[in-house]
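Take a look at the model below.

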Amino acid sequence: MSPLEDAVRDPKKSHILKLEYIQTSFSVIRQILNLSIPFLEDLRKIDPTDRNFCVGKVMKPIVPYYKLYKVYAGNHSKAMSTIERCSTTKPKFQKFLQDVKKRSDSSGETLNSLLIMPIQRLLRLKMLLERLLKFTDESHCDYNDLTSCLQAVQDVANHVNHGVTEKENRIKVWEIQQRMVPPPPDLVKPHRTFVREGKLLKVCRRTDKARHFFLFNDILVYGPSLTGNLINYSNSIALRRVMDLKRQKGGCAFAVFGIPKSFVLIASSRAEKRAWMDDL
């Protein structure tokens with residue numbers, strides 16, 4: 001049980017919502033705040049009437065520490081999922097969310113919108129630096145530092161986006177695993193990424209059978225559809241190559257070669273076949 005869910009169950013532990021949960025899911029939020037406060041103070045000391053005022057010089061020493069945002073961003077998706085689940089099942093947590101909204105001055109910000117702000121700030125900072133650099137002459141004493149800061153922030157933003165993408169992909173693979181009955185073992189792996197899913201006809205000895213396929217970067221998983229969005233897990237193959245069968249089944253057939261087996265698949269149209277073959 002997470003600290004957030006534990007706090008919802010026990011009202012005596014409501015302070016955990018503010019302390020332990022933030023420490024576990026957003027463990028670096030205080031460090032990010034500690035970076036921002038002195039940076040803001042230094043910016044306020046700048047004389048805007050001085051033609052040689054320097055923002056880049058003030059910012060340059062703290063930019064490398066912005067990688068802390070990757071940890072924060074990496075936990076954001078999990079936090080949102082937990083909040084969504086608890087907000088629909090825990091009345092006391094629903095009241096907590098309402099209290100947060102009331103306390104956020106007159107803006108009426110929700111907890112979700114407050115928690116996304118640190119990530120948005122990083123992207124806004126990048127845009128502000130780009131605009132500032134655009135109107136700074138190359139001969140200005142701050143030009144080189146601004147250029148260096150922009151590059152560093154861009155690197156951190158890419159770092160954060162990559163971390164968020166990795167996290168979201170693992171969640172997606174896990175969700176697919178939960179849709180399959182029985183769940184295939186070891187589907188979630190660090191290197192595995194989801195590519196596409198859809199229904200195709202699988203050519204069998206007696207008759208073609210409709211199957212739902214999940215394509216990952218290294219394997220193809222499939223099985224017949226059940227009620228809802230559940231799939232009866234049949235098998236998975238390690239992908240080796242794909243071959244176009246232009247003259248078969250109206251030009252909609254293609255062969256997939258893998259381990260431990262290979263087979264022919266039929267798409268509903270040539271365009272759909274091309275999309276599958278491109279991804280394969």
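**A walk through the fold**

The protein chain has nine helices and eight strands. Both are DSSP runs numbered from the N terminus: helices are H or I with at least four residues, and strands are E with at least two. This is a predicted model, in which local features need pLDDT of at least 70 and side-chain atom pairs count only at pLDDT 80 or more, while totals for chains, interfaces and linings use all residues. Residues are numbered from 1 along each chain as its sequence is written, and side-chain values use heavy atoms, with hydrogens and water left out.

Of the 280 residues of the protein chain, 36% count as buried. Buried means under 20% relative accessible area, exposed means over 50%, and partly exposed lies in between (1.4 Å probe, protein chains only).

Start with two helices. The axes of α5 (residues 68-89) and α7 (residues 111-134) come within 10 Å and cross at roughly 160°. Axes are lines fitted to C-alpha atoms, for helices over the stretch in contact, and angles run from 0 to 180 degrees between N-to-C directions. The helices α5 and α7 are therefore roughly antiparallel to each other, a label for angles over 145 degrees. Which residues meet? Among those in α5 are Tyr-69, His-76 and Ile-83, and α7 brings residues including Leu-111, Ile-116 and Leu-122. Contact here means heavy atoms within 4.5 Å.

Now turn to the aromatic rings. Rings of Phe, Tyr and Trp (its six-membered ring) pair if their centres lie within 6.5 Å; planes under 30 degrees apart count as stacked, over 60 as edge-to-face and the rest as tilted. By this rule the count comes to six aromatic pairs. The ring centres of Tyr-66 and Tyr-69 are 5.6 Å apart and their planes stand at 70°, so this pair is edge-to-face. Both Tyr-66 and Tyr-69 are buried.

Phe-194 and Phe-216 have ring centres 6.1 Å apart and planes at 70°, so they too are edge-to-face. Phe-194 lies in strand β2 (residues 194-202) and Phe-216 in strand β3 (residues 209-216), so the pair ties together parts that are 22 residues apart in sequence. Phe-194 counts as partly exposed, at 23% relative accessibility. Phe-216 counts as buried, at 1%.

Lys-172 lies over the face of Phe-194, at 5.0 Å from the ring centre. The test asks for NZ of Lys or CZ of Arg within 6 Å of the ring centre and within 35 degrees of the ring normal.

Methods: Parallel < 35°, antiparallel > 145°, perpendicular 65-115°, else oblique.
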